[in-house]
Amino acid sequence: MDGAYNPRTVEEVFRDFKSRRAGMIKALTTDVEEFFQQCDPDKENLCLYGLPNEQWEVTLPAEEVPPELPEPALGINFARDGMQDKDWLSLVAVHSDAWLLSVAFYFGARFGFDKTERKRLFSMINDLPTIYEVVNGKDKVSTQGNNHSNSKHKSNSKPRGSESQSKSSKIMLQKEEDEGLQEEDDEDEHGDALCGACGENYASDEFWICCDACEKWFHGKCVKITPARAEHIKQYKCPSCSNKRARSS
């Protein structure tokens with residue numbers, strides 16, 4: 001991660017934004033093979049950082065509380081083998097775009113940018129294509145993300161037959177459209193379930209997901225998994241099981 005570099009003007013903040021953006025684009029395109037290897041799902045929660053020198057870094061989050069800068073998405077490595085490579089890179093790209101904006105406007109708030117300066121900064125940023133657009137080829141920058149997706153397909157993942165696909169689909173999507181007997185059956189089946197993270201009981205109005213390793217249920221909010229993200233996960237491992245594999249390797 002970068003040190004105590006603090007841009008103070010709109011131009012300096014924009015220059016910092018472009019440099020960090022360039023580093024993250026490099027990670028997700030030209031350096032994608034190395035990036036993929038560094039995001040080992042068996043390691044602890046990892047983050048992708050863009051640096052002011054146009055380089056990138058995959059590492060653990062800052063230990064300071066609160067951190068010196070806003071932190072990027074945590075645990076990007078856990079979803080690597082549970083999604084298609086292209087979808088995973090797109091997910092990381094979206095979170096990277098959000099992080100870059102948060103860092104830029106953190107500097108703006110810290111150094112007292114007024115309404116006009118904030119508007120000018122956003123206008124300068126908005127003239128650039130997003131990292132998501134770059135990674136998905138929606139601008140003029142060529143990427144290697146798609147080639148990577150075709151050439152490296154879950155080489156380390158376990159074979160997934162119809163049985164494992166059925167098991168990995170154990171996702172509770174509450175607030176179902178169908179009411180009545182289906183909802184009652186769900187409550188009877190999961191009524192005694194406890195969240196493996198917070199220990200609270202099952203509730204029919206909350207999203208839950210089951211770990212395919214230990215078969216424990218978790219609130220989506222407790223393990224930072226949304227229903228939309230769960231749709232792309234073929235085989236979910238909870239943080240505890242992921243950490244166990246990391247310690248045993």
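This is a predicted model: local features need pLDDT of at least 70, side-chain atom pairs count only at pLDDT 80 or more; totals for chains, interfaces and linings use all residues.
Student: How many helices and strands?
Tutor: The protein has 10 helices and five strands. These are DSSP runs numbered from the N terminus: helices are H or I, at least four residues, and strands are E, at least two.

Student: How much of the protein is buried?
Tutor: Buried residues make up 38% of the 249 residues. Buried means under 20% relative accessible area, exposed over 50%, and partly exposed in between, with a 1.4 Å probe and protein chains only.

Student: Which residues touch the most others in the largest nonpolar core?
Tutor: Leu 28, Phe 35, Leu 48, Trp 88, Leu 121 and Ile 131, out of 39 residues. A nonpolar core is a set of buried Ala, Val, Leu, Ile, Met, Phe, Trp, Tyr and Cys residues joined through side-chain atoms within 4.5 Å.

Student: Which element gives the largest share of this core?
Tutor: That is α3, with nine residues.

Student: What does Phe 35 contact?
Tutor: Leaving aside neighbours within four places in sequence, its contacts include Leu 48, Trp 56, Trp 88 and Val 92. Contact means heavy atoms within 4.5 Å.

Student: What is in the second core?
Tutor: This separate core has 17 residues, among them Cys 195, Ala 230, Tyr 236 and Cys 238.

Student: New topic. How big is the largest cavity?
Tutor: Its volume is about 50 Å³. A cavity is a set of points, on a 1 Å grid over the protein atoms alone, where a 1.4 Å probe fits but cannot get out; lining residues have an atom within 4 Å of a point. The volume is the space filled by probe spheres set on the points, which are joined across faces, edges and corners.

Student: Which residues line the largest cavity?
Tutor: Met 24, Leu 48, Pro 72, Ala 73, Ile 76, Val 92, His 95 and Ser 96. The largest share of this lining, three residues, comes from α3.

Student: Last one. Where is Thr 9?
Tutor: Thr 9 sits in the segment before α1.

Student: Why does Thr 9 count as partly exposed?
Tutor: Because its relative accessibility is 33%. The C-alpha atoms of Thr 9 and Gly 108 are separated by 8.2 Å, with the two 99 residues apart along the chain.

Methods
Residues are numbered from 1 along each chain as its sequence is written. Side-chain values use heavy atoms; hydrogens and water are left out. On a 1 Å grid over the protein atoms alone, a cavity is a set of points where a 1.4 Å probe fits but cannot get out, and a pocket is an open set with protein on both sides within 12 Å along at least five of seven lines; lining residues have an atom within 4 Å of a point.
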